[in-house]
Amino acid sequence: IVALLAVLTFETLQALLIAVVVSLLALVWRASQAKLAVLGRVPDRLDFTDIHRHPENVTLPGLLMVRPENGLFFANAEAFRESIIAELTSNTEPVKAVLLDLGATTDLDVPSADMLGDLGEELRSRDVRFMVMHMITPVKQMLESAGALEKIRPQDIFVEPAEAVLDYLSSQYDDARIL
């Protein structure tokens, strides 16, 4: 519609430029909207998916598992942090740990890395453990170079959700009860 109106109003080259600029702005605006999935365990399986799309999924008491639905970058980093804090404060049970799944994040910029480091510190100040899983090498390298990885404890970085959940459960309950 913008391209059509621009062509009717301006010369073709100017109209094309206007359409491209509006498209880029729309793309950045859409990407800047933080889409946060709260994860729960699929019944009778060790898979974790969005509880809003699959209400039958079971969440673990005291553990808030979240995953950004789109990549983290400067335009949505703060909105993403606010979404996690909102989920944390609106939870009916006290949250003891936040597990962040970075599987959808293939690249990270400095503002996003700083936000993750600050989020870890903020959660720690609330006595909430900050755990991260599915962190690929480029994301880890950016966290290291931005200094944010120093704010995330090495024992709170996990490869798979089952490993992270087992670690959380073992920190909360005795070993016999976990088995």
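1. Basis of the note. The model is predicted; local features need pLDDT of at least 70 and side-chain atom pairs count only at pLDDT 80 or more, while totals for chains, interfaces and linings use all residues. Residues are numbered from 1 along each chain as its sequence is written, and side-chain values use heavy atoms, with hydrogens and water left out.

2. Length of α4. Helices here are DSSP runs of H or I with at least four residues, and strands are runs of E with at least two, numbered from the N terminus. Helix α4 comprises the 16 residues 110–125; at 1.5 Å a residue it should span 22 Å, and the 23 Å between its end C-alpha atoms agrees with this. The expected span is 1.5 Å times one less than the number of residues. Just after α4, Asp127 adopts a positive phi of about 60 degrees.

3. Buried side of α4. Buried means under 20% relative accessible area, exposed over 50%, and partly exposed in between, with a 1.4 Å probe and protein chains only. The buried residues in α4 include Ser112, Met115, Leu119 and Leu123. The elements against which the buried residues of α4 pack are α3 (77–90), β4 (97–101), β5 (129–133) and α5 (137–146).

4. The α3/α4 pair. The two axes come within 9 Å and cross at roughly 20 degrees. That makes α3 roughly parallel to α4 (angles under 35 degrees count as roughly parallel, over 145 as roughly antiparallel, 65 to 115 as roughly perpendicular and the rest as oblique). Axes are lines fitted to C-alpha atoms, for helices over the stretch in contact, and angles run from 0 to 180 degrees between N-to-C directions. Among the α3 residues that meet α4 are Phe80, Ile84 and Leu88; the α4 residues that meet α3 include Met115, Leu119 and Leu123. Contact means heavy atoms within 4.5 Å.

5. Asn70. This residue lies in the loop between β3 (63–68) and α3. Asn70 counts as buried, at 19% relative accessibility. Leaving aside neighbours within four places in sequence, Asn70 is in contact with Arg30, Ala31, Gln33, Lys35 and Asn76.

6. Glu82. Helix α3 holds Glu82, which is partly exposed at 46% relative accessible area. From Glu82 to Leu60 the separation is 22 residues in sequence and 22 Å in space, C-alpha to C-alpha.
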